[in-house]
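Please look over the two chains before reading these points. They go from the contact between the chains to a single residue beside it.

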There are 2 protein chains.
Amino acid sequence: MRTDPWLDDACPIARTMAVLGQRWAVLIVREAMLGRSRFSEFRERLGVASDVLSARLSELAAAGILEAVDYQRPGDRTRSRYVLTDAGRDLAPVLAAMGQWGHVHLARPHSNGSYFVDTGTGEAVGVGFRSPDGSSVQPAGVGMVERHHG
Amino acid sequence: MRTDPWLDDACPIARTMAVLGQRWAVLIVREAMLGRSRFSEFRERLGVASDVLSARLSELAAAGILEAVDYQRPGDRTRSRYVLTDAGRDLAPVLAAMGQWGHVHLARPHSNGSYFVDTGTGEAVGVGFRSPDGSSVQPAGVGMVERHHG
């Protein structure tokens, strides 16, 4: 696998995009979050070419987002399932934020996206800014600043 | 501009990635959030080739994320500045979630990324899940479910 220089960029957003910016990567993570784990499931759900899917699964495993777990059905050869690691599950707020933005700003009448719920209550949850004490901060009151090393 | 079929995908995450998945797009948005607006500023800050930058700025404008505003210095030709629209500013939680993930899961000793603050207090803010009443929901208690049309 060719190493993307962004993977070592000083900016953590760039490092994340080195992994998630590859075509199909985010949608593979979405399918994994919905419980899909087999190569054939990803291929059928996404309609992605096998060679592309294979490359993406390897990259996501190398990035620590997916873990390959061998499994074997009787009389069949050993195959790999791909399951989210803790780091992979931690991508939930990233996908949720993307989904929220697309839902609002690229609205489509046929939109049919997945969404996130509190598994305890079944209630839909969203992502938003909050201060260290856990209180919500309105987006209009948030700005980006540069970190300067002293 | 070639139209990406993902821009019309039923999944809002896919639609968002149709725009943000293009190389450099997220970092151009990052620079715009830090107040950069001129072509030369983006080019110098990012070290991106002019033709690529030009294509990305056009795509981000077509997607409603940036708006081109003409300006002219005395004796100079008219140029465009690129400023975030409301939809563009709404990408803040997406970039913040990416930055948080990269900071934790792709940690680097030379990491020097930008971060988000409450502009009222100057306090750093993060993104996280919350229920409709505004209370925080722990990531471990969140799951993705598919939306089914009735």
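**Notes on the chain A–chain B contact**

1. The contact takes 67 residues from chain A and 67 residues from chain B, where two residues are in contact if their C-beta atoms, placed from the backbone, lie within 7 Å. On the side of chain A that touches chain B, α6(A) provides the largest share, 12 residues. That side divides into 34 nonpolar, 22 polar and 11 charged residues, with Ala, Val, Leu, Ile, Met, Phe, Trp, Tyr, Cys and Pro counted as nonpolar, Asp, Glu, Lys and Arg as charged, and the others, Gly among them, as polar.

2. This is a predicted model, in which local features need pLDDT of at least 70, side-chain atom pairs count only at pLDDT 80 or more, and totals for chains, interfaces and linings use all residues. Residues are numbered from 1 along each chain as its sequence is written, while chains are lettered from A and ligands numbered from 1 in the order in which they are written.

3. Between the chains, β5(A) and β3(B) run antiparallel and are joined by 4 bridges (strands pair if DSSP finds at least two bridges between them). Within this pairing, V145(A) stands opposite Y115(B).

4. S114(B) lies in the loop between α6 (92–105) and β3 (115–118) of chain B; helices (H or I, at least four residues) and strands (E, at least two) are DSSP runs, numbered from the N terminus. Leaving aside neighbours within four places in sequence, S114(B) is in contact with M144(A), V145(A), E146(A), R147(A), R30(B) and L34(B).
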